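Me: I'd like to learn how to read a two-chain model, one feature at a time. Could you walk me through this one?

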Amino acid sequence: MQSVHIASAYDEELKFLSKRIAAMGGHAERMVEQAVAALVNVDHGLAQKVIQDDLVLDEGQREIDDKAIIIIARRQPMATDLREIVGAIRISADIERVGDLGKNVAKRVASVDGRQPNSLFRGIEALANLALTQLKEVLDVYASRSVERIGLVRDRDDQIDAMYTSLFRELLTYMMEDPRNITPCTHLLFCAKNIERIGDHATNIAETIYYIVTGDQMPADRPKGDKTDKVVLPGPVPAK
Amino acid sequence: MAETGAGQDNKGRALAGRLARNRWLLGAGVLAVLAVYFFAGSSAYVLLLALAALAAAAMLPADAERQPADVGAAIEASGLQRLSGEYLAAAVADPLIIFDHSATIVHANAAAFAAFGGLAPGMSLSLKFRAPEMQALLDGILAGEVASDAVDYTEKLPVERTYRVSASTVGHATGLYVLVFKDQSETRRIDRMRADFIANASHELRTPLASIAGFIETLRGPARNDPAARDQFLQIMQNQTGRMARLIDDLLSLSRLEMKPYLGPGTEVDLRQTIDSVIDSLGPLASENGVVIEREFANAPLVVPGDRDELFQVFENLLENACKYGQSGGRVTVSVAGGEDGQQPGFDVTIRDYGPGIAEEHIPRITERFYRVDVENSRAQKGTGLGLSIVKHILTRHNARLSIKSEVGKGAAFTVHLPAR
Ligand SMILES: Nc1ncnc2c1ncn2[C@@H]1O[C@H](COP(=O)(O)OP(=O)(O)OP(=O)(O)O)[C@@H](O)[C@H]1O
Ligand SMILES: [Mg+2]
């Protein structure tokens with residue numbers, strides 16, 4: 001019950017932070033969705049829109065930082081509130097990074113010509129769906145504060161890693177098959193990596209929420225493991 | 001689960017309040033009826049009314065003064081508006097959410113709880129509905145710029161749904177607002193389905209069609225007078241047309257599933273009986289492939305919520321794969337265990353084969369449409385690459401999960417976690 005304040009203006013300030021975070025989150029979710037759609041359909045117009053949309057997130061992060069610092073200076077918050085405010089700063093930074101990654105995917109649309117096999121694009125779409133599901137679940141937990149659901153988010157992390165490793169292998173084989181594939185496939189590889197990192201930021205956000213709500217660090221049982229560093233292709237691929 | 005619980009709790013409390021307030025309701029109602037009756041009359045009645053009121057005032061000065069004031073207070077404070085609002089909300093089939101000036105949820109109807117996981121009274125709407133167009137809608141209505149407004153809102157995950165969302169203020173100066181979600185997913189999905197179907201079908205049908213066309217050409221030309229070759233070619237052509245027919249069936253059932261992503265409520269199925277009939281129906285395929293199917297579960301019925309035909313398809317696809325791709329293992333086991341998936345009680349049905357297994361990097365991908373580990377092998381087995389994607393769709397509808405464990409050289413195990421009631 002520490003969160004009962006005398007000043008309700010203070011409450012309003014805290015509410016402002018969480019509302020702003022949610023708006024940023026919604027914006028980032030939309031950007032990633034559209035960046036992947038632009039990539040899969042090779043839609044340059046949509047890619048351009050995503051690139052411009054990133055400004056909104058930079059602005060949002062700056063606003064949250066400023067507001068948070070003012071609140072800390074003026075209200076000298078304790079325990080729960082302080083965690084809430086520091087958490088807001090951390091989460092907005094993660095969301096801003098998610099936006100950057102989305103923007104980076106959008107930028108690469110120009111270098112991909114859509115002649116790569118369909119299965120690749122479907123794979124990237126599936127990877128993006130996993131990452132976006134994770135982001136959505138995490139932001140939903142931010143809204144509901146039901147931290148017991150965070151475990152599910154971690155499960156997804158492993159799925160994302162596995163999917164990324166599989167895509168990595170597939171891309172590698174295409175590049176070895178035909179050198180003309182190297183440029184577009186490298187861009188696709190970076191796109192996949194960016195999407196995978198969106199999942200990592202979602203996990204960071206989950207950890208921050210856990211800290212805001214419980215005051216503890218989330219128990220660290222993450223054997224960090226995408227296996228790309230171990231991927232070796234079987235045998236030499238015959239030259240064409 | 002917890003969300004629905006909270007909703008019910010709320011209703012219970014509302015009921016108690018309703019009983020307590022009923023007497024005021026009665027009073028207010030009677031007064032309202034009287035008022036309407038009198039004012040609807042002609043001007044002569046108004047005169048009469050005035051006289052009567054005077055007389056009444058003379059006879060019962062204290063009561064007449066107190067009563068209208070009390071009734072007014074009852075309407076304002078008793079939550080009459082909120083109560084009838086709850087009835088109304090429950091009567092609306094579309095998701096409906098009532099919220100206050102700070103975008104905090106005051107009440108949500110059952111449809112809203114069902115459509116949006118994680119809703120709870122007291123939660124902030126602007127934290128839950130984060131899409132830019134929803135934020136704009138909420139901001140606009142709360143700032144009082146407009147009395148009502150509507151936007152199109154699409155949720156991509158877990159299943160794609162499109163709504164026409166309208167927001168409006170409730171009554172005059174009640175401080176309450178309402179959001180209503182009209183589901184437009186069906187129309188949107190049909191459009192998408194059409195485009196997808198054409199893309200997938202044309203891509204996958206091209207190969208067998210090209211081969212049939214090639215054989216026809218050969219039959220009319222070089223092989224015209226060669227009965228042995230003719231028979232052989234006709235056999236191949238028959239296989240190809242069979243494959244095309246299967247492909248179309250699979251694509252259609254996948255599209256149908258995608259069109260109705262929710263399972264009808266209240267259907268139940270006996271898992272044991274369903275699995276047994278799948279085993280029976282695949283008996284011929286199993287013996288043809290030299291595979292023995294071993295069943296490892298009790299004979300008692302296991303009733304779970306679900307659609308029998310759909311779950312039949314799930315186990316049929318999994319068992320068929322096990323017999324086809326795990327053929328070299330010579331046996332396939334089907335087992336059922338009471339499993340705990342997270343906090344959710346349910347059943348785990350595992351179909352295990354002892355064939356070559358699936359390499360780690362393919363596991364996350366094999367439920368994608370048309371994904372085949374070994375295209376040649378799958379073609380030889382008359383596969384279309386849609387089986388597991390159908391399985392995944394059906395399981396999503398059942399709130400169930402598929403997990404795949406495999407070690408190369410040792411076989412594969414596909415486990416379906418089905419939640420109990
Ligand atoms: N038990 C298994 N062992 C090894 N590989 C498997 C197993 N089950 C599925 N696979 C692999 O997964 C791929 C996809 O399976 P899926 O059932 O979706 O398609 P299919 O069997 O090719 O076609 P369909 O089921 O539509 O006739 C298969 O082609 C096969 O390579
Ligand atoms: Mg199959």
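This is a predicted model: local features need pLDDT of at least 70, side-chain atom pairs count only at pLDDT 80 or more; totals for chains, interfaces and linings use all residues.

Me: What area is buried between chain A and chain B?

Reply: The accessible area lost when parts come together is often used to give the size of an interface. Here about 2,400 Å² is buried, and carbon and sulfur atoms give 51% of that. On the chain A side, Lys19(A), Arg30(A) and Arg122(A) lose the most area to chain B, together 20% of what that side buries. The contact involves 30 residues from chain A and 25 residues from chain B.

Me: Now the sheet in chain B: in which order do the strands run?

Reply: In general, strands of a sheet pair through backbone hydrogen bonds, either parallel or antiparallel. In chain B, 5 strands make an open, antiparallel sheet ordered E2-E1-E5-E4-E3. Strands E2 (105-108) and E3 (148-155) of chain B each have a single partner strand, so one side of each lacks a neighbour in the sheet. From one strand to the next, the twist averages 20 degrees.

Me: Which residue is the bridge partner of Phe99(B) in E2(B)?

Reply: That partner is Ile105(B). E1 (residues 96-100) of chain B pairs with E2(B) over 3 bridges, in the antiparallel sense.

Definitions and conventions:
Residues are numbered from 1 along each chain as its sequence is written. Chains are lettered from A and ligands numbered from 1 in the order in which they are written. Side-chain values use heavy atoms; hydrogens and water are left out. Two strands pair if DSSP finds at least two bridges between them. Helices (H or I, at least four residues) and strands (E, at least two) are DSSP runs, numbered from the N terminus. Axes are lines fitted to C-alpha atoms, for helices over the stretch in contact, and angles run from 0 to 180 degrees between N-to-C directions. Contact means heavy atoms within 4.5 Å. Buried area is the accessible area (1.4 Å probe) that two parts lose on being put together, summed over both.
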